[in-house]
Amino acid sequence: MLTIELMDAAVKIATGMLISGLFFLWYLRRHQALDGAASESLRRRRELFESVAANVGKVHHVYQQYLALATEFTRYGVHWPKSRRDELARVGNELVEVFHALTEAESTLLLLGEKRLERSLRIYGAKIVSLRRQVYAEKQQLTGDEIHLIDDVKKEIAQLKESFFDALSVRYMPKKVAA
């Protein structure tokens, strides 16, 4: 009788251990699947942030070309060669065309729920548009006040770009989970 009770107890203990082990395996697999999904989500989010940065980089590259020509124009005014005016017009048109990338970046940020980043990017783009409206190839000359205003706008654009990328990099880095 004692052996039957011992065997019964051993079967119950073994069954309990087996059920506990299976439950633990199920828990681990579920936890790993959730971690994998979270990891995939974070990876995809980072890829989208990278595409935003690439699009802003495209716009900024063309803006820098435009800025170099605009700065040259402010120095020479009416004495500026026609070939350089034509180049300013070409780069100005290219700047308009590349703004599609900026709109795409804004849309991606809204998709990610990053309204503040989108708003700062929109302000950055508006300042570039403002500069383009002040300096264009058909304009014959700039006044001293216009030149100072352009210098101020250039500084603002540089600050806006820097603050945008600072905020973007904060959102790009994954948050540390407290242990």
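Reader: In which helix is K154 found?
Author: This is a predicted model. D151 and K154 are 3 residues apart, about one helical turn, in one helix. The place of K154 is helix α4.

Reader: Which residues does K154 touch, leaving out those up to four places away in sequence?
Author: K154 is listed with the buried residues of α4. Its side chain makes a polar contact with the side chain of T71, at 3.4 Å. With sequence neighbors up to four places away left out, K154 touches Y63, L67 and T71.

Reader: Which residue meets K154 in a salt bridge?
Author: Side chains of opposite charge can pair when their charged atoms come close. Here the N to O distance is 3.3 Å, and the partner of K154 is D151.

Reader: Is D151 buried, partly exposed or exposed?
Author: Buried means under 20% relative accessible area, and exposed means over 50%. D151 has 29%, which lies in between, so D151 is partly exposed.

Reader: What end-to-end distance does helix α4 reach?
Author: Helix α4 covers residues 144–172, which makes 29 residues. At 1.5 Å a residue, 42 Å is expected. From first C-alpha to last, the helix reaches 42 Å.

Reader: How far apart are the end C-alpha atoms of helix α3?
Author: Helix α3 runs over residues 115–134, 20 residues in total. At 1.5 Å a residue it should span 28 Å. The model agrees with that, because the end C-alpha atoms are apart by 29 Å.

Reader: What is the distance between the closest N and O atoms of E47 and R44?
Author: Both residues lie in helix α1, 3 residues apart, about one turn of the helix. E47 is partly exposed at 31% relative accessibility. R44 is partly exposed too, at 43%. Their salt bridge has its closest N and O atoms apart by 3.3 Å.

Reader: How many salt bridges does the structure hold?
Author: Some are joined up: E72, R84, E87, R90 and E94 are linked in a network. Another pair is E47 with R44. For the structure, the count is 12.

Reader: How far apart in space are T108 and S51, C-alpha to C-alpha?
Author: T108 is found in helix α2. T108 counts as buried, because its relative accessibility is 13%. T108 touches L48, S51 and V52, not counting residues up to four places away in sequence. T108 and S51 are 57 residues apart in sequence, and their C-alpha distance is 8.5 Å.

Reader: What is the area of the nonpolar surface patch that includes L18?
Author: L18 is in helix α1. At 54% relative accessible area, L18 is exposed. Other members of the patch include F23, W26 and Y27. The patch area is about 870 Å².

Reader: What share of the chain's residues is buried?
Author: The chain has 4 helices and 0 strands. Its accessible surface comes to about 12200 Å², with 61% of that belonging to carbon and sulfur atoms. Of the 179 residues in the chain, the buried share is 30%.

How values were computed:
Residues numbered from 1 in each chain as written. Predicted model: local features only at pLDDT ≥ 70, side-chain atom pairs only at ≥ 80, totals over all residues. Heavy atoms only, no water. Helix = DSSP H or I, 4+ residues; strand = E, 2+ residues; numbered from the N terminus. Expected span 1.5 Å × (residues − 1). Buried < 20%, exposed > 50% of the residue type's maximum accessible area, 1.4 Å probe, protein only. Patch = residues over 30% accessible without salt bridge, like charges linked within 9 Å, V, L, I, M, F, W, Y side chains within 5 Å. Areas by Shrake-Rupley, 256 points an atom, 1.4 Å probe, with all protein chains shown as cover. Salt bridge = Lys/Arg side-chain N within 4 Å of Asp/Glu carboxyl O. Polar contact = N/O pair within 3.5 Å; in protein donor to acceptor, adjacent residues only side chain to side chain. Contact = heavy atoms within 4.5 Å.
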